[in-house]
Structure formats: structure tokens, C-alpha cells
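Q: Can you walk me through this model? I am new to reading these.

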Amino acid sequence: RLNLIQLLVFMLAAVCLALAAAQMSALRPRGLMVLAVAIGGGVLATGEAAGRTSLAEVASWVSDPQRRLDLSALLLLESLVFGGQALAVAQDGTRLRWRLVVACPPPSLLAILFFGQVAAMLATDGVDYGLVSWVCAVAFAGLFVLSACLLRWLLPDPLMRSGLRVVLHIAQAAIGLWLARPAQALPADPTPALWGRLGILAAAAFVFMALGWLWQRRSTWNR
């Protein structure tokens with residue numbers, strides 16, 4: 001039976017995969033092929049490390065408050081940068097820096113692929129890990145490219161895909177803030193203070209996203 005932390009982790013994985021597919025659906029076929037090769041190479045490069053990772057280490061990583069804070073910081077930063085890029089695309093942001101951002105896979109995708117490879121190795125006990133790594137490399141790359149193409153077919157309008165990305169980035173940031181909560185309730189006043197700091201951090205992230213959107217609009221008006 002899944003506890004709340006595990007359920008949130010699975011939800012986060014689904015959100016991050018959907019975000020990566022929505023972002024990479026903007027690439028042309030050649031770009032998708034390069035991305036598939038990069039994903040396959042990354043999976044193969046981390047195969048040895050994945051083979052040494054046990055289920056106990058994964059559970060310890062998920063339950064460690066410090067690791068959750070690291071993950072929360074990564075999610076908030078990713079939401080800020082890639083969410084700002086999604087807003088810029090929605091406003092016809094075609095500048096070089098935004099094109100470079102959209103061509104970079106989100107860091108959360110790389111982490112999910114690694115843990116997916118760990119799960120595949122733990123589920124296939126007795127099979128050579130090198131073979132499992134190759135199967136994961138081909139399967140992950142193929143499924144991701146297929147998902148990006150399917151999403152582009154379902155949502156042909158770039159504005160619709162950008163809107164989907166913004167909504168998913170908000171959900172990603174909300175999960176990141178939840179993961180940064182205290183491991184257990186504190187008896188005195190520090191809990192409201194901590195939630196206040198997290199609220200300030202979330203407000204700052206969304207303020208920067210709004211300022212980026214306004215700046216992009218000002219650039220559009222001045223053309």
C-alpha cells in the first residue's frame with residue numbers, strides 16, 4: 001500500500017514526464033532523434049550506478065528530509081526557468097535564449113529516467129544488468145519520442161501546449177513546496193515560520209515568472 005509520500009513521488013514523476021514531453025514536442029524530427037540518442041546514451045552511462053542502487057537506498061533517499069529539500073529546490077528552479085520559457089512561447093517568444101532553453105531536457109527528466117532504470121533492474125532479478133540497461137535505453141528513448149509526437153498530434157497549436165506546460169509547472173511547484181514541509185509537526189511556533197518562508201519563496205518564484213511575462217510583452221510592444 002502506497003503512503004502519501006510515495007503517492008506524491010509517483011504524481012511528480014507523471015507531471016515531470018508530461019512536462020518534458022510537452023516541451024520536447026516543439027522540436028523538429030531531427031531534434032527529436034538527437035534527443036532520443038542523448039536519452040539512450042544517458043541511460044547507458046548511468047547503468048552501472050543504477051545496478052549498484054538498492055531498494056533500501058531509494059527508500060532512504062525519498063524519506064530523507066535533506067534530499068526532499070534538494071528536490072524541492074530543483075523543482076522550484078525548474079518551474080521558474082522552464083515555466084518562464086512556456087510563457088514566453090505563449091507570447092511569441094522566439095529569442096535565441098528561449099530556443100536554447102526549449103532544446104534542453106528538464107533536469108527532472110534525467111532523474112526520473114535513472115530511477116526508472118533502477119526500478120527495472122530491481123524488477124528483473126537474475127538478468128544481466130548490462131542487458132537491462134540496453135533495453136531501458138531503447139525503450140525509454142522510443143517511448144519518450146513517441147509521447148512527444150503523440151502530444152504534438154493531440155495539441156497541434158503551440159499555444160495550447162504552452163498553456164498545458166504552465167499548468168503542469170504550477171502543479172510541479174506545488175508538489176515541490178509540499179515536499180519541503182517539515183518531516184513532522186513541531187510542537188511550538190517554528191512551523192508557521194517555516195511555512196511563511198516557503199510561502200515567500202513560492203511568491204517570489206511566481207513574481208519572477210510574472211515579471212518575465214511582462215518584460216516579454218514590453219519587448220513585443222516595442223517591435
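The chat below goes from the whole chain to one residue and then to confidence.

A: First, this is a predicted model, where local features need pLDDT of at least 70, side-chain atom pairs count only at pLDDT 80 or more, and totals for chains, interfaces and linings use all residues. Residues are numbered from 1 along each chain as its sequence is written, and side-chain values use heavy atoms, leaving out hydrogens and water.

Q: How many helices and strands does the protein have?
A: There are 10 helices and zero strands, both taken as DSSP runs numbered from the N terminus (helices: H or I, at least four residues; strands: E, at least two).

Q: Ok, Ser108. Where is it?
A: Ser108 is in helix 7, residues 107-123.

Q: Buried or exposed?
A: Ser108 is buried because its relative accessibility is 5%; buried means under 20% relative accessible area, exposed over 50%, partly exposed in between (1.4 Å probe, protein chains only).

Q: What does Ser108 touch?
A: Leaving aside residues up to four places away in sequence, Ser108 touches Cys16, Glu78 and Gln172, a contact being heavy atoms within 4.5 Å.

Q: New topic: which helix has the lowest confidence?
A: Helix 10 (residues 190-221), with a mean pLDDT of 54, while helix 8 (residues 129-154) is highest at 92. pLDDT is the predictor's confidence in each residue, from 0 to 100.

Q: And where does pLDDT stay under 50?
A: Over residues 185-195, for which the model has five contacts beyond four places in sequence. Where pLDDT is low, the predicted coordinates should not be read in detail.
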